[in-house]
Amino acid sequence: MTTTTPAPTTAAVRRAISSTPRPPRPGPLTAALAFGWRGMLKVKHVPEQLLDVTVTPVMFLLMFTYLFGGAIAGSTSAYLDYTLPGLLVMSVLFTTVYSGVALNTDLTKGVVDRFRSLPIWRPAPLLGSLLGDSVRYVVAGTVIIVVGVALGYRPDGGFPGAVAALALVVVFSFGLSWIFSVLGLLMRTPNAVMNAGFMAIFPLTFLSNVFVDPATLPGPLEAFVDVNPISVLATASRSLMAGEPDGAAIVVSLAVAAVLALVFIPVTTRLYRSR
Amino acid sequence: MTTGTALAIEASGLGKSFGRTRAVNGVDLAVPAGSIYGVLGPNGAGKTTTIRMLATLITPDAGSASVLGHDIVAEADAVRELVSLTGQLASVDEDLTGRENLVLLGRLLGYSRAAARDRADELLEAFDIAEAAGRLVKHYSGGMRRRLDIAASIVVTPQLMFLDEPTTGLDPRSRNQVWEIVRALVGEGTTILLCTQYLEEADQLADGIAVIDRGRVIAEGTPGHLKASVGTGSLRVRLLDPARRDEAAQVLERSVGPVVAEPEPAALSSTGVDAERAAIGVAELARAGIGLAHFSLEQPSLDEVFLALTGHAAEATDDEATTGPATPATDTLQELS
Ligand SMILES: Nc1ncnc2c1ncn2[C@@H]1O[C@H](COP(=O)(O)OP(=O)(O)O)[C@@H](O)[C@H]1O
Ligand SMILES: [Mg+2]
């Protein structure tokens, strides 16, 4: 409770009210960046969010490398070479689910009403919060790479290769996250978003080439794994890390991200206004 | 639609359904510019839904309205430029500090970084939250949060402000602070649409009141008007000596009417008492030499207003609707007379 503070003086309140010439409307970029700043502040004030998105992939990394590495690839270090770029993909993609969860949580708060009653460029709140989310994507990806290196992973592409792979994965996630934003706007509770999100992303990740070489799979499954965009992204990420960029895989990954964004940004914006 | 008169809000036949619930069922409003207009009603009456339509957050499915001369559907953006909303749920970000909240809004309203920071500091100072400026809002007290909320609504001074139950759940001191701020706002020329469940709040602040029940306006007028139609409040006395309660009850029965013993051993109350009767009753007690620790004439509760206006009690869905904010001891006779 406010214990000893005096009541605000009416005079000061009056002065604060009357001293406001109205500034011109902000441009779309300014508005989006302001929301991006809000996203960063949330990362700063609620760092636990980062824990959620980094612990699971690191656990997978340790589990797969040491439990299955020998069986799948002959040795743990050979498996690490194969799987780390894929785990990078998985780790960052998991983080995109949390974008939808965060959006849904936001909607239960009154602050969204204020944002919606402001005369600003309509997609700004959504674009801005995804900007903040990209920071989380970068952190999640960096953690995986650093842990991998600590375990002995030495990509042939070196530092530039790793950075390029991370950048590609983050750009892809930026596109993918719009799907989870739609989920975040449609579902009732943050938990429902989380469940639905992981229900989709878990099978898609496991039915990709992230963990196993599809050549070892039965025919129909192999066919699915080959067209799964997550496989394509993992292949592209692997090629960048290895220092031999696979142009086709990179282009397809970027194209998928662009299509997702183009389709889902308008849907999301409309839903955000009307919910 | 816009007649060019000095009406800040003009609504006719506004309606909105959620599934089968007819939340707002044909609301007409005429709010003069520069005044505080109270919308009084119990929980679930449709107050928030009405405000959300007028603030362009949701679109009505019947009727029409203009705010400051702009149609709320066709010219929603123009309306947004001129109004601001302090919602029933705190419309501030709990995961940010108070200062960050205000700087963010400053940026979103077009201030440069430096100007947004200056404006934030000025508001924090004026609204007495400077000392908590760097703390996360989720750790704020209810009163601080409300003040920040209102500060956030005037980062750029709006021509019209929607205030949805600004004091529900606040202690009397915080409530009085909010009232002071609201008065200062209207003093500077902002029109305010205030939703409340408390007759006392509407009485304290509003120039005009619409009473709303089940999505409809059921009465309209000045606070004096409404109270006159309800007429009476309830007299409550607390004796110095609980042992003399029976004796006091007899005195009051004679001078004011039926008396009820309160759960508290020294207290008595009587409903449906006008100010004059109450004064006589208190004087009679004094003449009989019965010492009083305290007496008050409380405003008619929302329930009593509803009973008088509709013949049925307000169908409140929670306790807050029926128990007004705690009434300070000074809040007594002359106010109602
Ligand atoms: N988003 C919504 N979805 C479904 N029902 C709603 C929604 N908002 C309000 N209602 C219903 O509409 C009625 C009026 O609600 P509201 O406008 O919040 O009343 P008040 O603000 O006066 O308490 C209530 O019965 C409430 O349950
Ligand atoms: Mg309400």
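Residues are numbered from 1 along each chain as its sequence is written, while chains are lettered from A and ligands numbered from 1 in the order in which they are written. Because this is a predicted model, local features need pLDDT of at least 70 and side-chain atom pairs count only at pLDDT 80 or more, though totals for chains, interfaces and linings use all residues; side-chain values use heavy atoms, with hydrogens and water left out.

**View 1. Chain A is a chain of helices.**
Let us start with chain A, which has 11 helices and 0 strands. Helices here are DSSP runs of H or I with at least four residues, strands are runs of E with at least two, and both are numbered from the N terminus. The C-alpha trace of chain A spans about 80 × 40 × 35 Å along its principal axes. Of its 275 residues, 50% are buried; buried means under 20% relative accessible area, exposed means over 50%, and partly exposed lies in between (1.4 Å probe, protein chains only). Look also at contacts, meaning heavy atoms within 4.5 Å. Among the contacts in chain A between residues at least 6 apart in sequence, 81% join residues at least 24 apart.

**View 2. An open sheet in chain B.**
Follow the order β2-β1-β4-β5 and you will trace the 4 strands of an antiparallel open sheet in chain B. At its edges are β2 (21–32) and β5 (70–71) of chain B, each pairing on one side only. Two strands count as paired if DSSP finds at least two bridges between them. Strand β1 (residues 7–18) of chain B pairs with β2(B) over 9 bridges, in the antiparallel sense. To find your place, look for Phe18(B), which stands opposite Thr21(B) in β2(B).

**View 3. A magnesium ion held by two residues of chain B.**
Which atoms coordinate the magnesium ion (ligand 2)? They are OG1 of Thr48(B) and OE1 of Gln88(B), at 2.0 to 2.1 Å. These two residues are 40 apart in the chain: Thr48(B) sits in helix α1 (residues 47–54) of chain B, and Gln88(B) in the loop between β6 (83–86) and α3 (98–108) of chain B. Donors are N, O and S atoms within 2.8 Å of the metal (3.2 Å for Na, K and Ca), and water is not among the atoms, so sites may look incomplete. Thr48(B) counts as partly exposed because its relative accessibility is 25%, and Gln88(B) is partly exposed too, at 37%.

**View 4. Where chain A meets chain B.**
Here 47 residues of chain A are in contact with 55 residues of chain B. The buried area between the two chains is about 4600 Å², with 58% of it from carbon and sulfur atoms; buried area is the accessible area (1.4 Å probe) that two parts lose on being put together, summed over both. Across this interface the rule finds 8 salt bridges, each a side-chain nitrogen of Lys or Arg within 4 Å of a carboxyl oxygen of Asp or Glu. One joins Asp149(B) to Arg114(A) at 2.6 Å, N to O. On the side of chain A that touches chain B, α2(A) gives the most, with 10 residues.

Side chains of opposite charge can pair when their charged atoms come close. Arg52(B) and Asp113(A) meet in a salt bridge of 2.4 Å, N to O. The pair runs from helix α1 of chain B to helix α5 of chain A. Are these residues buried or exposed? Both Arg52(B) and Asp113(A) are buried.

Asp95(B) lies in the loop between β6 and α3 of chain B. It counts as buried because its relative accessibility is 15%. Leaving aside residues up to four places away in sequence, Asp95(B) touches Lys42(A), His45(A), Val46(A), Leu136(B) and Lys138(B). With Lys138(B), the side chain of Asp95(B) makes a polar contact of 3.1 Å. Such a contact is a pair of N or O atoms within 3.5 Å; within protein, one must be able to donate a hydrogen and the other to accept it, and residues adjacent in sequence count only if both atoms are side-chain atoms. A network of salt bridges links Arg38(A), Lys42(A), Asp106(A), Asp93(B), Asp95(B) and Lys138(B).
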